[in-house]
Amino acid sequence: QGIFVLGLPYALLHSGYSGLFLIILAAALCCYTGKILIACLYEENEDGQLIRVRHTYEDIANACCKKLSPKLGGIVVNVTQVMELIMTCILYLVVSGNLLSHSFPYVPVTEKTWSAIAFVTLLPCVFIKTLQIVSKLSQLCSLVHFIIILVVMTYCLTQINQWSWAKFRLSVEFEDFLVSVGVIIFSYTSQIFLPTLEGNMKNPGEFRCMLNWTHFFACVLKTTFALTAFLTWGEETKEVITDNLPSFLQTLVNLCLLTKALLSYPLPFFAATEIVYACISRGNHSNYTSPLFALGVRGSFLLLTLLMAMFIPHFALLMGLTGSVTGAAMTFLLPSLFHLKLKWKKLSFLEKCADISVFILGFLCSIAGIVCSIKGLLEVFG
C-alpha cells in the first residue's frame with residue numbers, strides 16, 4: 001500500500017466506471033505475475049519434488065539467457081532493478097520536502113532544503129544489515145498508512161449526504177485514461193522484492209496463499225478508498241486526495257504522510273544496495289567483503305539519492321518515463337517472458353495464452369506511459 005494509493009480517487013475522476021474494473025484487474029494481474037516469477041525459482045528433481053535452484057531475479061534472468069550470454073540477463077535485470085529502486089528512494093525524498101514545505105509554509109525554507117533536512121533523519125539507513133530491521137520499519141509504515149486512510153475515509157463518511165453516482169463518467173479521454181492506468185497498475189507493483197521475501201519466509205509453501213490474500217485485501221481497500229473519496233469530491237478531486245481535506249486535517253495528514261515516506265525509504269534503499277554490493281563482492285576479494293566497504297556502498301547510495309533529488313529538474317516527469325520502462329518490465333514483461341522460456345514444455349495451452357496476454361498488455365502499458373511522459377517533458381522544455 002504505497003503513496004500511489006492517494007492518487008487513486010484522481011484516477012477514478014479520469015477513468016470513470018472503467019477505473020473500478022482496472023483496480024480489480026490490476027490486482028489479479030500483479031498477483032499472477034508474482035506467482036509465475038516465484039515459480040521460475042524452482043525446478044522439479046527426479047522424484048517430482050520442487051527444489052529452489054535459483055534465489056534472485058538475476059538468477060532467473062541468467063538461466064533464460066545462458067545460451068546467448070551467461071551473465072547478460074542478470075546484468076539487464078540488475079540495472080533495471082537498481083534504476084527503479086533509486087528512483088523510488090529519490091521520490092520519497094522529493095515528497096518529504098514537498099510535505100514539509102506545505103506543513104510549515106510560514107518557515108522561509110525552500111523545498112530542496114526541506115528535502116535535505118528529511119535526509120538527515122535517513123542517515124541511520126547506512127547501518128541496516130538485515131531484512132528483519134526493514135520489516136519492522138515497514139510494519140510501522142503500514143500502521144501510519146492505515147491512520148491516513150482512516151482519517152480520509154472517516155471525513156468522507158461524514159459527507160455521505162453529498163454522495164452521488166452521477167459524478168461517475170461513462171466516456172473518458174484516452175490520454176487521461178492512460179494516466180489512470182499507470183497510477184492504478186503501479187500502486188500494486190512489488191515484483192522486485194518477491195524473490196527476497198519468499199526466500200526469507202519461515203514457510204515458503206504459504207507464499208501463494210499469502211499473495212492471494214494480500215492482493216485481495218489491497219484490492220478491497222483501494223476500491224473502497226478510491227470510491228468513497230471520489231464520491232465525496234467528484235470533479236473537484238485533486239491529484240493527491242489529502243489536498244482536498246480541510247486545513248485543520250491537512251497538516252495532520254501531511255505529517256503522517258511525511259512519516260510514511262521516511263519509513264518507506266529503507267526497503268528500496270536496502271534492496272538496491274544489496275544488489276550492488278552482491279555484484280561487486282562476487283569475486284570474494286577481501287577488500288570487497290569487509291563491513292567497511294559495505295558501509296561505503298550504502299553511504300554512497302544515500303548521498304546519491306539526495307544529490308539527484310536536489311539537482312535534477314522536473315524529476316516527477318523523468319521518474320514517470322523511467323517507471324514506464326522499468327516498472328512495466330519488472331512487473332509484466334520479464335515475469336511472463338521468463339516463465340514462458342523456463343516452463344514452456346510444462347505449461348498448458350491456457351497458461352501459455354495467459355503469459356502471452358500479460359506480456360502484450362505490459363508492452364502496451366509501457367509504450368503508452370513512455371509516450372505520455374515524453375510529451376510532458378517536451379511541453380515543459382518546449
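Predicted model: local features only at pLDDT ≥ 70, side-chain atom pairs only at ≥ 80, totals over all residues.
Trainee: Where is Leu 131 found?

Mentor: In helix H6, residues 131-158. Helices here are DSSP runs of H or I with at least four residues, strands are E runs with at least two, and both are numbered from the N terminus.

Trainee: Different spot. Which helix holds Pro 9?

Mentor: Pro 9 lies in H1, residues 8-15. With a relative accessibility of 0%, Pro 9 counts as buried.

Trainee: How far apart are Pro 9 and Val 240 in sequence and in space?

Mentor: They are 231 residues apart in sequence, and 8.3 Å apart in space, C-alpha to C-alpha.

Trainee: What about Gly 299 and Ser 357?

Mentor: That pair is 58 residues apart in sequence and 42 Å apart in space, again by C-alpha. Gly 299 has its place in helix H12, residues 291-311. At 28% relative accessible area, Gly 299 is partly exposed.

Trainee: What span does H7 reach?

Mentor: H7 covers residues 174-185, twelve in number, and reaches 16 Å from first C-alpha to last, close to the expected 16 Å. The expected value is 1.5 Å times one less than the number of residues.

Trainee: Which residues of H7 are buried?

Mentor: Ser 180, Val 181, Val 183, Ile 184 and Ile 185.

Trainee: On to rings. How many aromatic pairs does the structure hold?

Mentor: Eight. Rings of Phe, Tyr and Trp (its six-membered ring) pair if their centres lie within 6.5 Å; planes under 30 degrees apart are stacked, over 60 edge-to-face, the rest tilted.

Trainee: Why is the Trp 213 and Phe 216 pair put in its class?

Mentor: Their planes stand at 85°, so the pair is edge-to-face, with the ring centres 6.0 Å apart. Both residues are in helix H9, three residues apart, and about one helical turn separates them.

Trainee: Why does a spacing of three or four places matter in an α-helix?

Mentor: An α-helix has 3.6 residues a turn, so residues at that spacing point the same way.

Trainee: How accessible are Trp 213 and Phe 216?

Mentor: Trp 213 is partly exposed at 47% relative accessible area, and Phe 216 is partly exposed at 45%. Phe 216 also pairs with Phe 217, edge-to-face, at 5.4 Å centre to centre and 65° between the planes.

Trainee: Which residues form an aromatic cluster?

Mentor: Phe 104, Tyr 106 and Trp 114 form one.

Trainee: Which ring does the charged end of Lys 222 sit over?

Mentor: The ring of Tyr 188, at 4.7 Å from its centre. The test is NZ of Lys or CZ of Arg within 6 Å of the ring centre and within 35 degrees of the ring normal.

Trainee: And where does Lys 352 lie?

Mentor: Lys 352 is over the face of Trp 344, 4.0 Å from the ring centre.

How values were computed. Residues numbered from 1 in each chain as written. Heavy atoms only, no water. Buried < 20%, exposed > 50% of the residue type's maximum accessible area, 1.4 Å probe, protein only.
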